[in-house]
Amino acid sequence: MNSELQYEIEQFFYRKSALCDAQSWDEYIDLFTEDSEFHLPQWDSEHVYTTDPKKGMSLIYYANRGGLEDRVFRIRTGKAASTIPMPRTLHMVSNIQLEAVEGGDLSVSLNWLTLYHRLQISEQFFGRADYRLRKVNGQWKIARKFTVLLNDTINSVLDFYHL
């Protein structure tokens, strides 16, 4: 990978983080392809998590972008009591590594940390994520997001905007 591509992908993930923190949901969702898969597996044991959402439990699984769109719809219409009030979030990413895969796609792995504050309580979630990025009309889009939550003791709400 060259340094220009590395910089471009880093900026993509910084923008994704900023859009989520700003709750700019339309722009955030637009970062995903229509067929994008979003998977947050559940831990089976201390060091083993599920890898197939059709065979094991998942904390979050959307087979395509429609799952995210539905979740945002519920947030906007007030039909998700767990999001009233919405938390304030701060997303950080690090250790962004790229690898070219077939068809011009990129495999990207990174570490992430999300700090959040809601109802006078501040907490954090952190983990690792693997993405598949695809160029669509000259723009990088997320075709797959597989993220592992490393601190999986969930004391409050866990939703896509925490990851």
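This is a predicted model: local features need pLDDT of at least 70, side-chain atom pairs count only at pLDDT 80 or more; totals for chains, interfaces and linings use all residues.

Me: How is the pair of Trp 25 and Tyr 161 classed, stacked, edge-to-face or tilted?

Reply: The ring centres of Trp 25 and Tyr 161 are 6.3 Å apart, and the planes meet at 45 degrees. Planes under 30 degrees apart would count as stacked and those over 60 as edge-to-face. The pair of Trp 25 and Tyr 161 is therefore tilted.

Me: How many residues apart in sequence are the parts that this pair ties together?

Reply: Trp 25 belongs to helix H2 (residues 25-29). Tyr 161 is found in the segment after strand E6 (139-149), so the parts joined by the pair are separated in sequence by 136 residues.

Me: What is the angle between the planes of Phe 160 and Tyr 161?

Reply: Phe 160 is buried, at 0% relative accessible area, and Tyr 161 is buried as well, at 1%. Their rings form an edge-to-face pair with a centre-to-centre distance of 5.4 Å. The angle between the two planes is 75 degrees.

Me: Is Leu 90 buried, partly exposed or exposed?

Reply: Leu 90 is located in strand E3 (residues 88-100). Together with Met 92 and Leu 115, Leu 90 forms a nonpolar surface patch of about 230 Å² accessible area. Buried requires under 20% relative accessible area and exposed over 50%. Since its relative accessibility is 42%, Leu 90 counts as partly exposed.

Notes
Residues are numbered from 1 along each chain as its sequence is written. Side-chain values use heavy atoms; hydrogens and water are left out. Rings of Phe, Tyr and Trp (its six-membered ring) pair if their centres lie within 6.5 Å; planes under 30 degrees apart count as stacked, over 60 as edge-to-face and the rest as tilted. Helices (H or I, at least four residues) and strands (E, at least two) are DSSP runs, numbered from the N terminus. Buried means under 20% relative accessible area, exposed over 50%, partly exposed in between (1.4 Å probe, protein chains only). Patches are made of residues with over 30% relative accessible area and no salt bridge: like charges are joined within 9 Å, nonpolar side chains (Val, Leu, Ile, Met, Phe, Trp, Tyr) within 5 Å. Accessible areas come from the Shrake-Rupley method with a 1.4 Å probe; for residues, only the protein chains shown count as cover. A salt bridge is a side-chain nitrogen of Lys or Arg within 4 Å of a carboxyl oxygen of Asp or Glu.
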